[in-house]
Amino acid sequence: GIFVHGIETASNLLQVAGTISRETYLVIEPGVLVLVIFSGLLWNFGLVLMVIDRLNAELAALAMRDPLTGLANRRAFHERLDDELRLSEATQRPCSLLVIDLDKFKQINDVHRHLAGDACLVHVATTVTLALPPGGLLARMGGDEFSVLLPGKDLVAAAEIAADLVRAMRAARMRWGTTEFALTLSIGAAAWRPGWSGDALNADADAALYRAKAHGRDGHAVARDRRVISPEGPMPRPNLPRPGYEIF
């Protein structure tokens with residue numbers, strides 16, 4: 001495009017300066033004009049393709065991200081989980097899963113309303129991300145449920161990481177306006193076994209999670225193990241103040 005526009009400009013200048021004759025100019029001009037039109041169409045088509053490609057990339061990124069927390073979403077997590085389990089099946093490398101619930105999330109929404117609930121979810125995402133070891137993948141699965149994929153970690157290591165996350169969440173108090181309160185997590189930990197699918201691993205971790213919640217929350221439980229562990233013992237129930245208005 002630039003080249004043929006250059007020829008067009010040069011031939012015009014040469015014709016005005018009298019360097020080339022009018023007849024020569026009329027021989028050159030039709031071919032140059034066709035090339036100018038063609039290059040313009042090609043240029044515009046290329047720009048359209050670039051815009052479409054960028055939009056597709058942005059849509060693909062949005063489809064794999066949770067819009068509130070910026071974490072991987074359920075779809076992205078399950079794709080990564082399937083990849084890691086295939087690798088574990090091929091190499092017998094350990095792989096573990098943590099399923100996490102934010103305790104009493106409904107109470108937070110009821111007392112402070114949904115904007116505060118959203119802020120709590122972002123707070124959990126930030127706190128857990130900072131406490132995770134390198135290589136761990138944190139995803140928001142929906143509502144107040146999160147999952148952590150731990151490639152290369154066995155059940156003992158997964159339980160230690162779950163305990164670290166419970167402690168980290170206890171220490172990171174949530175501030176909403178002039179109010180400060182504690183958030184706690186319930187975590188179920190499970191480790192992959194040969195032949196297991198992602199659904200089987202998730203079911204084992206879910207079973208452990210429900211045991212942790214049934215024993216008072218604010219702790220973690222390990223699949224295939226009847227124990228429920230809370231690193232520093234039960235935490236006092238958060239004293240969530242009532243809003244400064246009545247609802248009728």
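Predicted model: local features only at pLDDT ≥ 70, side-chain atom pairs only at ≥ 80, totals over all residues.
Residues are numbered from 1 along each chain as its sequence is written, and side-chain values use heavy atoms, with hydrogens and water left out.

Helix α4 itself spans residues 105-112, and Phe105, Ile108, Asn109, Val111 and His112 in it are buried, meaning under 20% relative accessible area with a 1.4 Å probe, counting protein chains only. The cover over these buried residues includes β1 (95-102), α5, β4 (174-176) and β5 (179-181).

Next up is the pairing of α5 (residues 114-131) with α6 (residues 155-171): the two pack at about 130 degrees, and their axes lie 9 Å apart. Axes are lines fitted to C-alpha atoms over the stretch in contact, and angles run from 0 to 180 degrees between N-to-C directions. α5 and α6 are therefore oblique to each other; that word covers whatever is left once angles under 35 degrees (roughly parallel), over 145 (roughly antiparallel) and 65 to 115 (roughly perpendicular) are taken out. On the α5 side, His123, Val124, Thr127, Val128 and Ala131 make the contact, and on the α6 side Leu165, Ala168 and Met169 do, where contact means heavy atoms within 4.5 Å.

Zooming out, the chain has seven helices and eight strands, and 40% of its 248 residues count as buried.

Definitions and conventions
Helix = DSSP H or I, 4+ residues; strand = E, 2+ residues; numbered from the N terminus. Buried < 20%, exposed > 50% of the residue type's maximum accessible area, 1.4 Å probe, protein only.
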